[in-house]
Amino acid sequence: DRYPYSAYYSAVFFRHPFTRVVSAWRNKFQLVDGKINKSFYKRYGIAMIELARGKEGLREYKADNKGHLVTFPEFVEGMRAGLIDRHWMPQTEICYPCQVQYNFVGFFEHMDNDTNYVLSTIGVTSDSLKADRLSSAGLTYSTVDLTRDLFNQLPVESVNFLIEFYVKDFLLFGYGTDVNDETFPFPGVGQTNDRQT
């Protein structure tokens with residue numbers, strides 16, 4: 001068997017590429033609990049700032065790093081320049097959905113139902129592990145709204161780059177590319193039971 005874990009129940013969860021990239025930017029390049037992520041700034045942020053702002057902008061950042069964080073357009077420009085990490089690379093390049101025979105494909109946007117389905121399927125009955133007790137799946141008003149706001153302000157060429165960069169994720173998982181569509185960010189696939197293999 002080519003897949004070494006075929007004896008196990010395997011599940012994978014995907015997320016809309018645009019909300020995922022915004023989440024990665026927020027988590028890695030914005031203040032979290034009043035602090036910057038020094039590791040990501042060292043590996044990517046410094047280069048993104050210098051690429052977008054030049055040497056003077058980099059000096060300003062170094063003088064007051066919390067006041068001159070990587071903006072979302074700068075983050076996208078860094079991606080265009082090849083600054084890629086697994087936190088924002090296409091999910092099809094991380095999870096290999098065409099090569100791995102997953103028992104279940106779930107979606108971040110349906111995290112509560114999908115996680116509870118998986119837990120039930122593998123025989124977990126403890127209420128303390130039910131998804132609705134652990135997380136709201138990050139589908140807060142601010143996540144979706146922020147994504148819409150950022151993408152509506154992003155230059156068309158940057159949006160087009162992101163669509164092309166994530167094209168396999170969009171096609172394979174049934175996500176739309178219009179952040180202003182009323183169904184955003186939900187995938188256009190069937191309900192939970194339609195995603196079993």
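Residues are numbered from 1 along each chain as its sequence is written, and side-chain values use heavy atoms, with hydrogens and water left out. Local features need a pLDDT of at least 70 and side-chain atom pairs count only at pLDDT 80 or more, whereas totals for chains, interfaces and linings use all residues.

The pLDDT, the predictor's confidence in each residue on a scale from 0 to 100, averages 86 over the protein chain, and 84% of the residues score at least 70. Over residues 133-138 the pLDDT is below 50, and this stretch has nine contacts in the model beyond near neighbours in sequence, a contact being heavy atoms within 4.5 Å. Residues 190-197 also have a pLDDT below 50, with 20 contacts beyond near neighbours in sequence. Where pLDDT is low, the predicted coordinates should not be read in detail.

Five salt bridges are counted, each defined as a side-chain nitrogen of Lys or Arg within 4 Å of a carboxyl oxygen of Asp or Glu. In one of them, Asp 85 pairs with Arg 43, the closest N and O atoms being 2.9 Å apart; this pair links distant parts of the chain, with Asp 85 in the loop between H3 and E2 and Arg 43 in helix H2, 42 residues apart. Helices (H or I, at least four residues) and strands (E, at least two) are DSSP runs, numbered from the N terminus. Asp 85 counts as buried at 6% relative accessibility, while Arg 43 is partly exposed at 45%; buried means under 20% relative accessible area, exposed over 50% and partly exposed in between (1.4 Å probe, protein chains only). Another salt bridge joins the side chains of Arg 53 and Glu 74 (2.7 Å, N to O), and since Arg 53 lies in helix H2 and Glu 74 in helix H3, the pair ties together parts that are 21 residues apart in sequence. Here Arg 53 is partly exposed at 25% relative accessibility, and Glu 74 is buried at 11%.

A polar atom of the Glu 109 side chain lies 2.8 Å from the backbone nitrogen of His 16.

In helix H7 (residues 156-165), the buried residues are Ser 158, Val 159, Phe 161 and Leu 162. They cover an arc of only 155° around the axis, which puts them on the same side of H7, the arc being that of the directions from the helix axis to the C-beta atoms. On the other side of H7, Val 156 and Glu 164 are exposed.

As to backbone geometry, a cis peptide bond joins Phe 184 and Pro 185, with omega about 5°. Asp 33, although not a glycine, has a positive phi of about 55° and counts as exposed at 76% relative accessibility.

Notes. A polar contact is a pair of N or O atoms within 3.5 Å; within protein, one must be able to donate a hydrogen and the other to accept it, and residues adjacent in sequence count only if both atoms are side-chain atoms.
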